[in-house]
Amino acid sequence: MPRARPSVSVIIPNYNYEKTLHACLASVFAQTHAPLDVIVVDDASTDRSRDIAREFDVVLIANPRNRGVSAARNMGAAAARGEILFFLDSDTALHPEALANAVDLLGEDPGLGCVHGVLDPEPLFDDGPVERYHALHAHFWRHRAAGEVRTAFFALGAIPKRVFEETGPFDENLRDSEDVEYSGRLVRTHRILMSGAIRGRHDDVDRLGAMLSEQYRRSQLLIAALGQMREGGLTANRPLGVLAAALTLPALLLGLLTPWLLLVPALCALLFVCADPGLSRFALRTRGPGFLLYFTAVHFVLHQAIVLGAARGAVRWLTEPDFGPSVRRRADGTGRTGSAHRADGAGATAPTTSG
């Protein structure tokens, strides 16, 4: 007889995702390998999220205060009964075989500490060209990097519970880039695999301003991720493209000296366009030449948000001791992270549980 698959707990952090939560949960309950339990950690939503969660057979942890995705994942992991923890964002719907494939991959290779998946090139709900841009880009760089990697993303990722307990909880001082910080600890003792066998369809922001604001905020923590990036951690954008985008706009000032020097920003812009030909070919093949022009323009503007966010993050890193991972503030040198290190003391607020 074939060996039974290990039990799985699906952990879904949620904050005001009533638009996608039903689709997310419906996909979980349609899995070919049924989860042992499904835990929704609602992080003080103000929409109908909790009512939607109660339509399903889930354990609902209702947090009275917004504490961020790291705290929500930690709370879900503490309540989980399964041998495998599958973390799933509430704006993502799984393909039916995702849980089974994740469990099988972990079972086939005991040295793996985490497996995580690849997002579809189409959004969960198509709300326009901004979202199509984001879905194409998010799919492409993950698909290109599939294989053994040094970074885990927990939008759709599985980790044995024993490995999670050995590695420790997510750093609750981080509301962005928490995956990167966690990966830095995990990869010291376990291998990480990103696989196209674990697939999901993601719903993202559909307005340019919101996307740029989000990217600016997340890029402020790039300085904290430099160590892992140097060690081979995953990056969504080519460093050459980031550099070319960073130089293009300041180089326009050279035109004040002589119009001929406008060739410099033109060359920088051309270098940006040519920095990732595989991505351009993918956008062209998927949606045609008109969308490629749009894609390239949005991609350039997004890189400006990356550059500005990284610059702001560098300043904050130098001037704000509480900025970044909790390990920066520890005096005893152990490097452990967790809810005890929250800067705002939010860990003292007790959640309510139903299910």
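In the predicted model described here, R73 lies over the face of F170, at 5.3 Å from the ring centre, where a charge is taken to sit over a ring if NZ of Lys or CZ of Arg is within 6 Å of the ring centre and within 35 degrees of the ring normal. A further case is R142, whose charged end sits over the ring of F153, 5.5 Å from its centre. Residues are numbered from 1 along each chain as its sequence is written, and side-chain values use heavy atoms, with hydrogens and water left out. Because the model is predicted, local features need pLDDT of at least 70 and side-chain atom pairs count only at pLDDT 80 or more, whereas totals for chains, interfaces and linings use all residues.

F170 also belongs to a cluster in which ring pairs link F87, F154, F164, F170 and Y182. The structure holds 15 aromatic pairs, a pair being rings of Phe, Tyr and Trp (its six-membered ring) with centres within 6.5 Å, counted as stacked with planes under 30 degrees apart, edge-to-face over 60 and tilted for the rest. F29 and F56 form a stacked pair, 5.7 Å centre to centre with 20° between the planes. Since F29 lies in the loop between α1 (18–28) and β2 (37–43) and F56 in the loop between α2 (49–53) and β3 (59–63), the pair ties together parts that are 27 residues apart in sequence; helices (H or I, at least four residues) and strands (E, at least two) are DSSP runs, numbered from the N terminus. F29 counts as partly exposed at 38% relative accessibility, while F56, at 17%, counts as buried, the term buried meaning under 20% relative accessible area, exposed over 50% and partly exposed in between (1.4 Å probe, protein chains only). F140 and F282 form a tilted pair, 5.5 Å centre to centre with 35° between the planes, which links helix α5 to helix α12 (residues 277–287) across 142 residues.

In α8, M211, E214 and S219 are buried, and they cover an arc of only 125° around the axis (from the directions of the helix axis to the C-beta atoms), which puts them on the same side of α8.
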